[in-house]
Amino acid sequence: MNRIFGSKPAGPKPTLSGAITNIDTRIASIDTKLKALNGELSAYQEKLSKLREGPGKQAMKQKALKVLQRRKAYEAEKEKLEGQVWNMEQASSMQDNLKNVMTQVDAMKTTKKELQKQYGKIDIDKIEQLQDEMADLMDVGNEIQDSLARSYDIPDEVDEAELDAELEALGMEQELEMEMGGAVPGFLQDEVVPEFVDEPPQTEDKVKEAAG
């Protein structure tokens, strides 16, 4: 069977990147040949410019034409190879994009499984119950704060009549103090010196010394 159909080729399977590399090598080889042919054409051009019309010049033109034909053949081959490289590069780019898409799809599938596993552990009813309990605790906390902030021995409301009475009483007290001149009863004073006396009164000991 192997003699008829042949055996499977040994070694790794060909890839687009390997094929592109091989063609690029061929294109580089053609470029080298084209450079040499262009050199030959330049030499023929220089020689033909110096020759007069005649059989010799015609023979050299024929040689130059053959070189030109070879250059055109290589240029056509190079153009085909460059087209093949372009097509393979586009196919390689599509292959890379497809790999990236498949990688993203696999990642999304894995993420979906993990999310389903994690969300499966969550009980929505327990979360709602927890929210209700937290709201109740917040209400209790607000009541405690209001209770602690309550003032002592201060009436909550004061009417205008009571305010007018208080202000009138304060005004009468100020007038009484002004009439009394700010006098203080004797039993609250240790010693009161009149304003018209320059020196304070002498003590009993100092009076006896002056009399003696």
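This is a predicted model: local features need pLDDT of at least 70, side-chain atom pairs count only at pLDDT 80 or more; totals for chains, interfaces and linings use all residues.
Let me begin with the protein as a whole. Of its 212 residues, buried residues make up 8%. The accessible surface comes to about 19500 Å², and 55% of that surface belongs to carbon and sulfur atoms. If we then take the contacts between residues at least 6 apart in sequence, 73% of them join residues at least 24 apart.

I would like to turn now to the salt bridges. Side chains of opposite charge can pair when their charged atoms come close. A search of the whole structure finds four salt bridges, and I will go through some of them.

In one of them, Glu77 pairs with Arg26, and the closest N and O atoms of the two are 3.4 Å apart. This pair links distant parts of the chain, since Glu77 is in helix 3, which covers residues 55-119, while Arg26 is in helix 2, and the two are 51 residues apart. Are these two side chains buried, exposed or in between? Glu77 is partly exposed, because its relative accessible area of 31% falls between the 20% limit for buried and the 50% limit for exposed. Arg26 counts as partly exposed as well, with a relative accessibility of 44%.

Another salt bridge joins Lys78 and Asp31, with the closest N and O atoms 2.6 Å apart. Here too the pair links distant parts of the chain, with Lys78 in helix 3 and Asp31 in helix 2, 47 residues apart. Asp31 is partly exposed, at a relative accessible area of 32%.

A further pair is made by Lys50 and Glu46, whose side chains meet in a salt bridge at 3.9 Å, N to O. Both of these residues lie in helix 2, and they are four residues apart, which is about one turn of the helix. Lys50 is exposed, with a relative accessible area of 66%, whereas Glu46 is partly exposed, at 47%.

While we are in helix 2, which spans residues 16-50, let me point out Lys47, which lies in this helix and is partly exposed with a relative accessible area of 48%. Lys47 and Met60 are 13 residues apart in sequence, and their C-alpha atoms are 8.6 Å apart in space.

Which residues form the nonpolar patch? They are Leu115, Tyr119, Ile122, Ile124 and Ile127, and together they have about 500 Å² of accessible area. Helix 3 and helix 4 each supply at least two residues of this patch. Ile124, for example, is found in helix 4, and it counts as exposed because its relative accessibility of 53% is over the 50% limit.

The other patch is one of negative charge, where Asp123, Asp125, Glu128, Asp132, Glu133, Asp136, Asp139, Glu143 and Asp146 gather on the surface. One of these residues, Asp139, lies in helix 4, which covers residues 124-148, and Asp139 is partly exposed, with a relative accessible area of 43%.

Notes: Residues are numbered from 1 along each chain as its sequence is written. Side-chain values use heavy atoms; hydrogens and water are left out. Buried means under 20% relative accessible area, exposed over 50%, partly exposed in between (1.4 Å probe, protein chains only). Patches are made of residues with over 30% relative accessible area and no salt bridge: like charges are joined within 9 Å, nonpolar side chains (Val, Leu, Ile, Met, Phe, Trp, Tyr) within 5 Å. Accessible areas come from the Shrake-Rupley method with a 1.4 Å probe; for residues, only the protein chains shown count as cover. Lys and Arg count as positive and Asp and Glu as negative; His and the chain ends are not counted. The place of a charge is taken as NZ of Lys, CZ of Arg, CG of Asp or CD of Glu. Contact means heavy atoms within 4.5 Å.
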